[in-house]
Amino acid sequence: MADNKDIATVDQPVKTDTNEVVIHIKGLKKSFGEKDVLRDINLDLKRGENVVVLGRSGQGKSVTIQCIAGLLTPDDGELTVFGEDVTQMSEDELKQLRIKIGFLFQSGALYDSMTVRENLEFPLTRVLKLKDQQEIDQRVEEVLEGVGLADAADKMPSDLSGGMRKRIGLARTLIVKPEIMLYDEPTTGLDPITSREISELILNMQRKYKTSSIIITHDLECAKITADRVVVMNDGEYIAEGTYEELQSSDNEFVRSFFNEQK
Ligand SMILES: Nc1ncnc2c1ncn2[C@@H]1O[C@H](COP(=O)(O)OP(=O)(O)OP(=O)(O)O)[C@@H](O)[C@H]1O
């Protein structure tokens, strides 16, 4: 494929000698009407860690990350990001927080009428309010190199394959250097080879930018590649946690069947 030749090989892991918790969730609950979507979510995300959340459709995985970003308000429970209670933040405080949190949603759309460079400059000038063109150019170049698309700056999104657009979407999120990344099904809709490329890129970006990430996915290969730790969500709770290999051979039949079923 034309767009995979520049993918960097996986770097050596970043040594994080801190156990700093960047996201703390305890007893989180969220209902919509009669429907208890989050019943009791507990999770501590450490700095530099990739946690993958696996679960079937409609389990509340997206609702969890929307709560983290303050886009939804939980009904009960503790939720702190960088030690600050998200549920008590004003709109201004949430805005500041969201600068430190990058999202890659399933649809991660680019602006079709802008070149790749303009798409990448947008968060720098609009969100970070950068004015120094040299710094802007440097950041654009660096992030494009990071996602293996150094030659794509002057292309239009319509000239790119689905996998390339996904990578530019990721570049646009990473260009503001978020400390936390929230990925909502980053490989959905991509073919297996492109999915693998994106998963490897997520891992590389974690190592390069030292971000802490929550990655929601149905894609077991994505989980295997990116996860330091996996949690399995069912019926509004995280029912198991461990490394990919630990969960694959879990004593809990449901957890094991989850892995086996989706092979
Ligand atoms: N704003 C909302 N208002 C009402 N119901 C909602 C809202 N957001 C989510 N839900 C409901 O909460 C449930 C969980 O949704 P969520 O999108 O978190 O699932 P998910 O685990 O991410 O699944 P999928 O993999 O299909 O995206 C669904 O039944 C959904 O309809």
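**Lys129**

I started at Lys129, which is exposed, with 7 other C-beta atoms within 10 Å. My cut-offs for that: 20 or more other C-beta atoms within 10 Å of a residue's own is buried, 12 or fewer is exposed, in between is partly exposed, and C-beta atoms are placed from the backbone. This is a predicted model, so I take local features only at pLDDT of at least 70 and side-chain atom pairs only at pLDDT 80 or more, while totals for chains, interfaces and linings use all residues. Residues are numbered from 1 along each chain as its sequence is written.

Lys129 sits in the loop between helix 3 and helix 4. Helices here are DSSP runs of H or I with at least four residues, strands are E runs with at least two, and both are numbered from the N terminus. I looked up phi of Lys129 too: it is near 60 degrees, a positive value in a residue other than glycine.

**Asp235**

Where else did I find a positive phi in a residue that is not a glycine? Asp235 has one, at about 55 degrees. Asp235 is in the loop between strand 9 (229-234) and strand 10 (237-242). I count Asp235 as partly exposed, because 13 other C-beta atoms lie within 10 Å.

**Ser113**

Next I went to the loop between strand 6 (101-104) and helix 3, where Ser113 lies. Ser113 has 10 C-beta neighbours inside 10 Å, so I put Ser113 down as exposed.

**Helix 3**

Which residues of helix 3 (residues 116-126) are buried? I get Val116, Asn119, Leu120, Glu121 and Leu124. Those buried residues pack against helix 4 (133-146) and helix 5; contact here takes C-beta atoms, placed from the backbone, within 7 Å.

I took helix 4 first. Helix 3 and helix 4 pack at an angle of about 120 degrees, with their axes 10 Å apart. The axes are lines fitted to C-alpha atoms, for helices over the stretch in contact, and the angles run from 0 to 180 degrees between N-to-C directions. That angle makes helix 3 oblique to helix 4. The scheme is: under 35 degrees roughly parallel, over 145 roughly antiparallel, 65 to 115 roughly perpendicular, the rest oblique. From helix 3, Arg117, Leu120, Glu121 and Leu124 meet Ile136, Arg139, Val140 and Val143 of helix 4. I sort that contact into five nonpolar, no polar and three charged residues. For the classes, Ala, Val, Leu, Ile, Met, Phe, Trp, Tyr, Cys and Pro are nonpolar, Asp, Glu, Lys and Arg are charged, and the others, Gly among them, are polar.

Then helix 5. The axes of helix 3 and helix 5 come within 8 Å and cross at roughly 30 degrees. That makes helix 3 roughly parallel to helix 5, and the crossing is again noted as right-handed. Val116, Asn119, Leu120 and Pro123 of helix 3 make the contact with Ile168, Ala171 and Arg172 of helix 5. By class I have five nonpolar, one polar and one charged.

**Helix 5 and helix 6**

I followed helix 5 (residues 162-174) on to helix 6 (residues 192-209), where the axes come within 10 Å and cross at roughly 20 degrees. That makes helix 5 roughly parallel to helix 6. Their crossing is right-handed. On the helix 5 side I listed Gly162, Gly163, Lys166, Arg167, Leu170 and Leu174, meeting Thr194, Glu197, Ile198, Leu201, Met205 and Tyr209 of helix 6. The contact divides into six nonpolar, three polar and three charged residues.

What surrounds the ligand? I wrote down Phe32, Val37, Gly55, Ser57, Gly58, Gln59, Gly60, Lys61, Ser62 and Val63, with near meaning a C-beta atom, placed from the backbone, within 6 Å. Helix 1 (residues 61-68) gives the most to this shell, three residues. The shell has three nonpolar, six polar and one charged residues.

Last, Leu38 in strand 2 (residues 35-46). Leu38 counts as buried, because I find 25 C-beta neighbours inside 10 Å. Leaving out residues up to four places away in sequence, Leu38 touches Leu28, Lys29, Lys30, Gly60, Val63, Thr64, Pro74 and Gly236. The C-alpha atoms of Leu38 and Gln59 are separated by 8.0 Å, the two being 21 residues apart along the chain.

How values were computed:
A crossing is left-handed if the near helix is turned anticlockwise from the far one by less than a right angle, and right-handed if clockwise. Two residues are in contact if their C-beta atoms, placed from the backbone, lie within 7 Å.
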